[in-house]
Amino acid sequence: MSVNEGGYTMIGTSNTNNPFGEIKISTEVLEVIVGFATLEVNGVYGMRANLTSDLKTIFGRSEHTRGVSLQADEFGTSVDVYCYFNYGVNVPYTAQKIQENVKEQVYHMTEIELDEVHVHIVGII
């Protein structure tokens, strides 16, 4: 479940037996991990930009969450990935590889299990 703390939406890790205290990770951090994990998959050309990410880039901020939308609530955590594929790739195979890699990398780096990974192919380049 997500909690709003200091202007950030935070998600607790699955490690509840930590004797040192809680570990919470910002959804923005998860979105960055998802973005990089998506771009690692062969056949992905790039991520879809939107007006917000374009403005952040213009003003000098690197936008690593481009094309990623994460939702966390009492029902679980899901992510939507909006990306462009290279021409000639097997679309269903590549989309499934994105789903697998995103779930694996997020869990490996944060111990947070994503319930769903939705891949939206917005174009072929």
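This is a predicted model: local features need pLDDT of at least 70, side-chain atom pairs count only at pLDDT 80 or more; totals for chains, interfaces and linings use all residues.
Residues are numbered from 1 along each chain as its sequence is written, and side-chain values use heavy atoms, with hydrogens and water left out. Strands (E, at least two residues) and helices (H or I, at least four residues) are DSSP runs numbered from the N terminus, and two strands are taken to pair if DSSP finds at least two bridges between them.

The pairing of β6 with β7 is parallel and extends over eight bridges. Towards β5, in contrast, β6 pairs in the antiparallel sense, over six bridges. Gln71 and Ser78, the latter in β6, are bridge partners. A hairpin is formed by β5 and β6, with two residues between the strands. β4 also runs antiparallel to β6, and three bridges join them; Val44 is partnered there by Phe85 of β6. Eight of the ten residues of β6 are buried, where buried denotes under 20% relative accessible area, exposed over 50%, and partly exposed the range in between (1.4 Å probe, protein chains only).

The largest nonpolar core contains 24 residues, of which Val79, Cys83, Ile98, Val102 and Val106 touch the most other members. At least two residues of this core come from each of α1 (27–39), β4 (44–47), β5 (68–73), β6 (76–85), α3 (91–110) and β7 (116–124). A nonpolar core is defined as a set of buried Ala, Val, Leu, Ile, Met, Phe, Trp, Tyr and Cys residues joined through side-chain atoms within 4.5 Å.

Contacts (heavy atoms within 4.5 Å) were listed without residues up to four places away in sequence. On this basis Val106 touches Leu30, Ile33, Val34, Glu111, Ile112 and Leu114. Thr27 belongs to helix α1 and touches Thr9, Ile11 and Leu70 under the same exclusion. Thr27 counts as buried because its relative accessibility is 11%.

Two salt bridges were counted, each requiring a side-chain nitrogen of Lys or Arg within 4 Å of a carboxyl oxygen of Asp or Glu. In one, the side chains of Lys97 and Glu100 meet at 3.2 Å, N to O. These residues are three apart in helix α3, so about one helical turn separates them. Lys97 is partly exposed, at a relative accessible area of 32%, and Glu100 is likewise partly exposed, at 37% relative accessibility. The side chains of Glu22 and Lys24 also form a salt bridge, at 3.7 Å, N to O. Glu22 is exposed, at 68% relative accessibility, whereas Lys24 is partly exposed, at 28%.

Arg48 lies over the face of Tyr82, at 4.3 Å from the ring centre. The criterion places NZ of Lys or CZ of Arg within 6 Å of the ring centre and within 35 degrees of the ring normal. The count of aromatic pairs is zero, where rings of Phe, Tyr and Trp (its six-membered ring) pair if their centres lie within 6.5 Å, with planes under 30 degrees apart counted as stacked, over 60 as edge-to-face and the rest as tilted.
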